[in-house]
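Work through the exercises below on charged side-chain pairs. Try each task before reading its solution.

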Amino acid sequence: MEAHLQLASAHLPTISFGTGSLVRLPGPTITQPNVYHFNSTTYATIHSELSAQNAALYTHNGLLNMLGRNLNIKSFPERFQDWVPGKPRLEHESDQGYAGTEAGVADVVITCEERCFDAVLEDLHNKGGKLNRPVHVFNVDIKDNHEEALVGGKAILDLALSLNEAAGSEREAHGESGWGMGAGAARSGFDEKVPAILASWQERWPQMPALWSLAWI
């Protein structure tokens, strides 16, 4: 979610997901995680429940701060496997009064763990690429703590801005025609540039192991 915050703050259209079967957060012991359902339990509800359960513990380990950040970004955690490519999404109105829709498509997916990268590729394969639309899937490995998330968010933002700049240049040169289907000159030109963009990014962020694959939605 830190990467989501940094991408959204840079005015890049961003949606975020988990890939597990349930939302699992630290509990009072390692064998007692707090477990919630995707797509229905709000961050505000989770924050309230954990505050009542043990405010001192979850303040000390940073969980309440993280949830406070998250509830200002979106209403509830969502699961990638439940995302339907091409189906417009309706954002629930947030505390700031923001509401918007997305067209249900993406040109880039960025994960932060290799297991999530694998889960995304498997799910996209299972969905069958019905839109016949290419999507670049990256993994930027980030350790799950506040400090690493801040640095990782900056690295992901750098990658996203580099990709966005290249896409903008191709659209300016060739127009929008065929972009979504990957059949136009703009889209094919962008796709061809991605390996070089990633290689250049990796030189700037050598401490961030990265993976890349082309998939279809």
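A salt bridge is a side-chain nitrogen of Lys or Arg within 4 Å of a carboxyl oxygen of Asp or Glu. The model is predicted: local features need pLDDT of at least 70, side-chain atom pairs count only at pLDDT 80 or more, and totals for chains, interfaces and linings use all residues. Residues are numbered from 1 along each chain as its sequence is written, and side-chain values use heavy atoms, with hydrogens and water left out.

**Exercise 1.** State how many salt bridges a search of the whole structure finds.

Solution. The search finds ten salt bridges. Among the residues involved, Asp107, Arg133, Arg187 and Asp191 are linked in a network.

**Exercise 2.** Describe the salt bridge between Glu2 and Arg69.

Solution. Step 1: the N to O distance is 3.4 Å. Step 2: Glu2 lies in helix H1 (residues 2–9) and Arg69 in helix H3 (residues 63–71), 67 residues apart, so the pair links distant parts of the chain. Helices here are DSSP runs (H or I, at least four residues), numbered from the N terminus. Step 3: Glu2 counts as buried, because its relative accessibility is 9%; buried means under 20% relative accessible area, exposed over 50%, and partly exposed in between (1.4 Å probe, protein chains only).

**Exercise 3.** Which residue forms a salt bridge with Glu170, and is Glu170 buried or exposed?

Solution. Step 1: the partner is Lys193, with the closest N and O atoms 2.8 Å apart. Step 2: Glu170 belongs to helix H5 and Lys193 to helix H6, 23 residues apart. Step 3: Glu170 is buried at 9% relative accessible area, whereas Lys193 is partly exposed at 34%.

Technical notes
Helix = DSSP H or I, 4+ residues; strand = E, 2+ residues; numbered from the N terminus.
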